[in-house]
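Dear colleague,

I am passing on the structure we spoke about, with the sequence alongside.

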Amino acid sequence: MNILVVEDQQRLGQFLTSGLKEHAYEVRWVRSCAAASDALSEHRYSAIVLDLGLPDGDGLELLSQWRRAGFQEPVLILSARDTVQDRISGLNVGADDYLPKPFSFEELLARLRSLLRRQSTVKSVVLEHHGIALDTVNRTVHVGGQPVELTSRELAVLEIFMHNAGRIVTRSLICETIWSSSVDSDANLLDVYISRLRGKLEAVRGQPLFKTLRGVGYQLL
Ligand code: CA
C-alpha cells in the first residue's frame with residue numbers, strides 16, 4: 001500500500017511519513033500542488049492524504065481538478081479548516097473522508113484503513129474505448145489487443161481522455177491536471193504529447209484518434 005502525503009508543514013509531513021512507514025505503508029511526501037500532480041500522474045497511489053492550505057494553491061481546487069480528470073484514488077483531507085461547511089465542501093468536490101487538525105494519529109490510521117478496505121473491493125480497473133484498453137492498475141495500454149508502449153506522462157494524458165471518451169477535454173483541464181499549470185509553455189508541451197499519442201496509437205488503430213478543437217481542446221473519437 002503506498003500513500004501520497006500532500007502537506008507543506010515540515011514537522012507534520014515528517015510525522016506523517018514516519019508514522020505511516022512504521023505501520024508498513026510506503027509513503028511519498030510532497031509539499032505543493034504542483035508536486036502532488038506530478039506524483040499522481042507518474043504513479044498510482046492506494047490513497048492520498050491531502051492538506052488544503054498549500055503554498056502554490058488550494059487543495060480543494062486540486063482535488064476538484066483530479067476528479068474532473070477522472071483520477072479515482074481515495075482522498076482523505078487533513079485540514080485545519082474544521083467547520084461543518086468546510087467538511088461539506090471537501091466531500092462535495094470528491095474527498096472520501098475529512099479529518100480536522102489537530103488529529104489523533106490512531107484515528108487517521110483507522111480512517112485510512114477503512115478507505116483502503118473500500119477501495120480494494122472496487123475492481124473496475126480497465127478503461128475501454130473503441131478498441132483501446134487502458135489498465136489503470138498495471139499502467140498498460142493495448143490497442144486492438146496489441147500492447148503499446150507509452151511513457152508514464154503519455155499514459156496519464158491518455159487516461160484523462162479515456163475517462164472522458166467522446167467528450168471535449170479542454171487544454172486547461174489537461175495542463176492543470178498533468179502539470180498543475182495552464183501557462184503557455186505547458187500548452188505547447190501538451191501538443192507534443194498529443195502528437196506522440198497520435199503517432200503511437202493511430203498507427204495501430206488505423207484511424208484518427210483525437211479530434212482537435214482549435215484553441216479549446218481535444219476529443220477522443
Ligand atoms: Ca498547509
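The notes below take up a strand and its neighbours, the metal site, the aromatic rings and the cysteines in turn.

This is a predicted model, in which local features need pLDDT of at least 70 and side-chain atom pairs count only at pLDDT 80 or more, while totals for chains, interfaces and linings use all residues. Residues are numbered from 1 along each chain as its sequence is written, and side-chain values use heavy atoms, with hydrogens and water left out.

I begin with strand β6, which covers residues 75-79; helices (H or I, at least four residues) and strands (E, at least two) are DSSP runs numbered from the N terminus. Five of its five residues are buried, so β6 is largely enclosed by the rest of the structure, where buried means under 20% relative accessible area, exposed over 50% and partly exposed in between, with a 1.4 Å probe and protein chains only. The cover extends to both faces of β6, with Val75, Ile77 and Ser79 buried on one side and Leu76 and Leu78 buried on the other. Strand β3 (residues 47-50) pairs with β6 in the parallel sense over three bridges, pairing being counted if DSSP finds at least two bridges between two strands, and isoleucine 48 has valine 75 of β6 as its bridge partner. Strand β7 (residues 97-100) also runs parallel to β6, joined to it by four bridges, and here isoleucine 77 stands opposite tyrosine 98. Together with helix α4 (residues 84-92), β6 and β7 make a right-handed β-α-β unit, right-handed meaning that, with the strands pointing away from the viewer, the path from the first strand over the helix to the second runs clockwise.

The calcium ion is coordinated by Asp8 (OD), Asp51 (OD) and Gly53 (O), at 2.2 to 2.4 Å; donors are N, O and S atoms within 2.8 Å of the metal (3.2 Å for Na, K and Ca), and since water is not among the atoms, sites may look incomplete. Along the chain these donors follow the spacing D-x42-D-x1-G. Aspartate 8, in the loop between β1 (2-6) and α1, and glycine 53, in strand β4 (residues 53-54), are 45 residues apart. Aspartate 8 is partly exposed at 31% relative accessible area, and glycine 53 is likewise partly exposed, at 38%.

As for the aromatic residues, there are four aromatic pairs, counted where ring centres of Phe, Tyr and Trp (its six-membered ring) lie within 6.5 Å, with planes under 30 degrees apart taken as stacked, over 60 as edge-to-face and the rest as tilted. One of them joins phenylalanine 15 and phenylalanine 103, whose ring centres are 6.5 Å apart and whose planes are at 55°, so the pair is tilted. Phenylalanine 15 lies in helix α1 (residues 10-22) and phenylalanine 103 in the loop between β7 and α5 (105-120), so this pair ties together parts that are 88 residues apart in sequence. Phenylalanine 15 is partly exposed at 42% relative accessibility, whereas phenylalanine 103 is buried at 19%.

Finally, a search of the whole structure finds zero disulfides, a disulfide being a pair of cysteine sulfur atoms within 2.5 Å. For cysteine 33 the nearest cysteine sulfur, that of cysteine 175, is 16 Å away. Cysteine 33 is buried at 4% relative accessible area, and cysteine 175 is buried at 2%.

With best wishes
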